[in-house]
Amino acid sequence: MLSTIVKNEWRILLRSRVASWLFGILLGLSVFTIWQATRKVKEAQQYREEARAYMRERFTTQGEVNPHGAAHYGHYVFKPLSTLSVLDNGVNDFTGVSLYLEGHRQNEGAFAPAQSSSSLVRFGQLTLSLVLQVLLPLFIIFVCHNAITKERETRTLAIHLAQGIPLRTLVWGKTIAYAVLWISFLTLNLSILWLMTRSAAEPVSPARLSGLWLLYAGYYFIITALSVLVSAASKQSGNALLKLLFAWLLCTVLLPKITANLGDNLSPLLTRMELEDRISEDKKNGIDGHNPSNERTQQFKDSLVKAYQVSSVDSLPVNLDGLLMQEDEEYNNIVYDRHFGSVQHLISKQNAATAVSSWINPFAFVRNLSMALAGTDVYHHFDFTGQAEAYRRMMIKTMNDAQAYGGSKTGDWDWTVAADFWEKIDDFAYQSPSMGEALRNNKTEIASLLLWVLLAVVLIHFGSNRLSINR
Amino acid sequence: MKNIFTYEWKLFIRNRAMLWSWILMLGIGLYAIYYGWSFNDTQLQLITKIDTAYQARIQTQLQRFSADTTTKEGKADYRNAHDAYMNEWYTRPMVWKHPQGLQALSLGQSDNQPFYYNLWIFNNVYNTRQTELRNPDKLLAGNFDLSFVIIFLLPLLIIAYSYNVVSADREDGLAGLLNVQGISQRAIASVRLLFRCCVVLILAFTLSIVGVVINGVATTTAAGWLGVSVLYILFWFSLVYWLTALGKSGAVTALKLVSLWVVLLIMIPSLLNSLQKVNEGAKMEIAEANREYGSKIWGMDKRLLADTFLLVKPEWKKHFMLKNDTNELRSVAYAYFTMHNMNRVGREIDSVAFYQQSHVERFNYINPVFAIQLLYNKLAATELNNFIVFREAASAYQEQRYELIAQRELSGEKLTPASFQAYPKFLQPPTGLASSDWLGSIIPVMCFMLIALVLGNYHSKKNQSHEK
């Protein structure tokens with residue numbers, strides 16, 4: 001019986017010229033967005049790879065220079081662009097492309113593309129995620145709003161029931177029929193994406209792609225089920241459509257903005273000035289490698305004299321400058337970890353408002369999980385800056401150690417390392433987190449996805465038969 | 001007409017959905033005004049802090065001119081105050097883009113751009129670290145300001161109010177009765193639409209006036225804002241007029257209007273945005289200009305550096321210190337070359353961004369909603385071009401200060417309190433819209449309106465003749 005209902009729905013939908021046209025337009029649009037985004041992502045990946053290679057070459061061919069001078073000269077690393085940003089560009093436009101690594105200070109990502117754009121950037125990009133998260137649900141609403149009301153309006157609902165088809169089976173049949181269609185559309189799109197990005201610099205992770213398939217399949221099941229249920233609970237198709245359109249607008253346009261702004265109000269970030277004041281205040285208590293009269297510097301010198309059992313710093317068998325610079329680094333690392341950590345913590349708290357809203361808004365969990373799986377959410381950005389910072393610390397320590405133990409004398413700032421020294425420092429290679437790690441920050445969203453699916457199943461299974469036939 | 005207006009008024013008062021949606025939108029609008037006001041207030045508080053600290057530094061330097069030179073610290077203070085270069089280091093001049101009142105109503109790109117700079121001569125506005133801390137997720141979600149409410153939400157209210165102005169009578173079975181009485185349905189629908197337009201205009205005016213008063217917006221700017229709001233509301237009513245005139249059922253008209261909303265507010269702007277060419281490499285040139293060029297200049301032989309410097313600044317040859325290989329010379333020449341090189345690269349990049357913005361504006365004929373957003377942002381001085389102009393003014397001011405400092409540094413001439421106080425002040429670059437800005441946005445919207453009205457009129461007449 002169920003399969004008959006499913007087949008019948010497909011037949012009706014195929015005969016509907018409007019639905020076929022809309023479906024065709026949506027498919028054309030999604031293929032266009034994949035093609036367009038693939039082209040952009042490949043260009044960006046190529047640029048970042050070329051820039052990385054150029055910067056690496058500049059770094060390794062510095063020649064015979066003083067290592068601390070080289071620490072000030074610094075090094076640039078680039079954030080690799082996830083190939084799945086073809087599907088979901090996430091916050092990429094608003095985070096930096098590269099990071100400048102230098103001695104004494106920790107920098108943040110720089111050169112966010114949105115800073116060079118007009119306010120058109122705030123309208124978002126026509127990406128596959130926009131089609132899958134916003135436009136396809138609208139299409140689902142247009143198609144499913146009259147799934148049951150149509151039967152009620154044409155008086156066929158009573159005939160179906162008289163023939164022994166329970167309303168529950170009818171609702172299940174229609175939900176399955178439509179959901180399978182949307183999931184086929186999704187599968188087709190993800191297959192096209194996979195085919196088009198096969199030649200990309202970074203291959204698409206099958207696990208993440210499967211995760212995205214599951215996420216969107218669940219999302220479409222929920223929307224289809226709710227649309228059919230609203231239709232079943234409405235007297236007229238027009239009423240059902242208006243209710244569903246209102247819900248769509250609320251979920252995709254209003255709530256995301258409201259929750260993001262609410263998060264901002266509840267956990268406001270520090271101003272840049274406050275942050276820098278706090279950092280410089282804390283730094284004052286540490287060692288300043290470039291200021292020999294600093295009190296902590298003096299204490300450090302005394303401890304070295306004691307440890308090496310020499311009469312003065314001039315008799316030290318090592319270069320004091322290198323040790324001081326490293327001590328300066330170690331202290332600054334604690335300061336930066338504390339303050340940058342608190343900024344990241346505040347951002348996570350702000351984002352928690354959106355995460356919590358996924359209990360009432362399916363769009364919220366699909367948006368956050370889609371970005372997480374595509375590797376384009378803010379936590380992937382934090383992961384990149386974290387790994388780049390770890391690399392900076394290793395790089396600067398290597399340089400300071402060379403200054404300290406490489407055979408130079410304290411105060412000899414003209415001392416240089418050998419030209420091949422730079423090759424010994426490994427290149428920075430960003431390791432994208434595993435899918436499990438990527439989803440670690442989205443437990444609320446995962447739980448709400450499961451709950452929404454469960455809710456849809458429960459409502460259809462236990463609620464359908466309670467609905468009135470005539471309303 | 002009076003009767004229809006009275007009937008519509010009674011309907012509006014008695015129809016809970018209509019009344020409550022109006023009140024709800026008023027509440028949402030007031031929240032948006034509060035949100036924008038609090039953003040502006042935070043910026044103003046920060047500017048006050050920056051200004052207070054800057055003025056305090058200036059006062060400290062002024063006191064140092066008459067420091068007690070009998071002590072070691074006093075001597076250092078006195079020396080640092082009279083040395084133009086060191087004085088500049090201690091003063092650390094700051095400039096900021098003063099937020100206009102209207103910024104609170106249309107935040108534009110103001111949360112995504114630096115709005116103050118430290119102009120110490122070794123800093124550069126094109127390679128600054130002074131961007132405010134922002135949550136990328138929040139930037140992605142966008143701001144909930146009044147321009148968002150008017151641009152995104154008011155059209156939905158217009159659709160909800162007006163989708164059935166023609167079909168309601170037919171669906172309620174009143175059309176025949178009205179025909180028999182010789183009352184033109186076209187006239188009724190037009191007056192009905194006019195009444196509902198007034199209801200939405202009153203809402204927009206109320207919100208705008210509250211926003212304008214709270215944020216102390218100048219009268220002319222406020223008039224511009226109100227004019228743009230009226231234009232946008234009329235634009236949407238013209239679309240409603242056209243689609244309702246097609247004579248379809250209320251549900252079909254609502255569906256078409258919502259689809260149009262999706263196309264105009266989501267699809268067209270996002271499509272044009274995704275077609276924008278992003279040159280990631282452009283800004284890396286700035287970083288490279290800073291690092292590579294800077295280290296090359298710093299590593300140059302001092303004599304060679306002096307000769308090169310004199311080639312570009314021959315008028316400074318008279319300054320006696322140039323004859324010696326001094327550290328001052330190196331600093332002054334280094335600052336000159338790096339500043340000008342970075343400014344050159346930065347201005348080129350900004351001119352490309354400027355060009356891209358004007359390129360985007362050429363599409364206003366198919367992107368009318370963005371045309372309106374542009375007008376709002378430009379009135380509020382929160383569009384990309386406003387930040388580019390501010391950046392340019394800041395870098396020109398830095399160059400101006402550099403000239404004064406470098407000349408004194410090289411000539412060895414001491415800075416006096418009078419000459420320190422006579423340093424030029426930073427002037428906020430002028431804002432406002434050129435007539436081309438107005439026309440570039442208004443004409444496309446008016447074209448849309450005209451087409452919709454002509455089509456609406458045609459279909460309305462056609463349907464009326466069918467009814468007869």
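Student: Where is A:Thr271 placed?

Tutor: This is a predicted model. In it, A:Thr271 sits in the loop between α9 (237-266) and α10 (272-284) of chain A.

Student: Is A:Thr271 buried, exposed or partly exposed?

Tutor: A:Thr271 is partly exposed: 17 other C-beta atoms lie within 10 Å, and a residue needs 20 or more to be called buried.

Student: Which residues is A:Thr271 in contact with, leaving aside neighbours within four places in sequence?

Tutor: With those neighbours set aside, A:Thr271 is in contact with B:Leu46 and B:Glu132.

Student: Those partners belong to chain B. How many residues of chain B and of chain A are in contact?

Tutor: The contact involves 53 residues of chain B and 58 residues of chain A.

Student: Which helices of chain B each supply at least two residues to the side that touches chain A?

Tutor: They are α2 (16-64), α5 (136-141), α6 (146-162), α11 (250-274), α12 (281-298), α14 (327-361) and α15 (368-380) of chain B. The largest share of that side comes from α11(B), with 14 residues.

Student: How do the residues of that side of chain B divide into nonpolar, polar and charged?

Tutor: On the side of chain B that touches chain A, 28 residues are nonpolar, 17 are polar and eight are charged.

Student: Let me pick one residue from chain B. Where does B:Gln373 lie, in which helix?

Tutor: B:Gln373 lies in helix α15 of chain B.

Student: Buried or exposed, for B:Gln373?

Tutor: B:Gln373 counts as buried, with 28 C-beta neighbours inside 10 Å.

Student: And what does B:Gln373 touch, not counting residues up to four places away in sequence?

Tutor: With that exclusion, B:Gln373 touches A:Ser119, B:Ser147 and B:Ile151. As for B:Lys72, 301 residues away along the chain, its C-alpha atom and that of B:Gln373 are separated by 60 Å.

Student: Now the nonpolar cores. How many residues has the largest nonpolar core, and which have the most contacts inside it?

Tutor: The largest nonpolar core has 165 residues, and those with the most contacts inside it are A:Tyr220, B:Ile158, B:Ile159, B:Val200, B:Val240 and B:Ile372. Helix α8 (residues 206-233) of chain A gives the most to this core, namely 15 residues.

Student: What is B:Val240 in contact with, leaving aside its neighbours within four places in sequence?

Tutor: Apart from those neighbours, B:Val240 is in contact with B:Ile158, B:Ile159, B:Ser162, B:Leu193 and B:Leu257. Another core, of 41 residues, lies apart from the largest one; among its residues are A:Ala71, A:Val77, A:Ile396 and B:Met284.

Student: A:Val77 brings me to the strands. In which sense do β1 (residues 75-78) and β2 of chain A pair?

Tutor: They pair in the antiparallel sense, over four bridges. In β2(A), A:Leu99 is the bridge partner of A:Val77, and A:Tyr100 is the bridge partner of A:Tyr76.

Student: Which residues point which way from β1(A)?

Tutor: A:His75 and A:Val77 point one way, whereas A:Tyr76 and A:Phe78 point the other way, and all are buried. In strand β2 (residues 98-101) of chain A, A:Ser98 and A:Tyr100 point one way and A:Leu99 and A:Leu101 the other way, and all are buried as well.

Student: Next, helix α14 of chain A. How many residues does it have, and how far does it reach?

Tutor: Helix α14 (residues 378-405) of chain A has 28 residues and reaches 40 Å from its first C-alpha to its last, close to the 40 Å expected at 1.5 Å a residue. Just after α14(A), A:Gly407 takes a positive phi of about 110 degrees.

Student: Finally, the overall picture. How many helices and strands does chain A have?

Tutor: Chain A has 16 helices and two strands. Its radius of gyration is 30 Å, well over the 23 Å that the globule rule gives for 471 residues, so chain A is more spread out than a compact globule. The C-alpha trace of chain A spans about 105 × 45 × 40 Å along its principal axes, and 46% of the 471 residues are buried.

Student: And what are the counts of helices and strands in chain B?

Tutor: Chain B has 18 helices and two strands. The radius of gyration of chain B is 30 Å, well over the 23 Å given by the globule rule for 468 residues, so chain B is also more spread out than a compact globule. Its C-alpha trace spans about 105 × 40 × 35 Å along the principal axes, and 41% of the 468 residues count as buried.

Technical notes:
Residues numbered from 1 in each chain as written. Chains lettered and ligands numbered in written order. Predicted model: local features only at pLDDT ≥ 70, side-chain atom pairs only at ≥ 80, totals over all residues. Rg over C-alpha atoms; globule rule 2.2 N^0.38 Å. Buried ≥ 20, exposed ≤ 12 C-beta atoms within 10 Å, placed from the backbone. Contact = placed C-beta atoms within 7 Å. Nonpolar A, V, L, I, M, F, W, Y, C, P; charged D, E, K, R; others polar. Expected span 1.5 Å × (residues − 1). Pairing = 2+ DSSP bridges. Core = buried A, V, L, I, M, F, W, Y, C linked by C-beta atoms within 7 Å.
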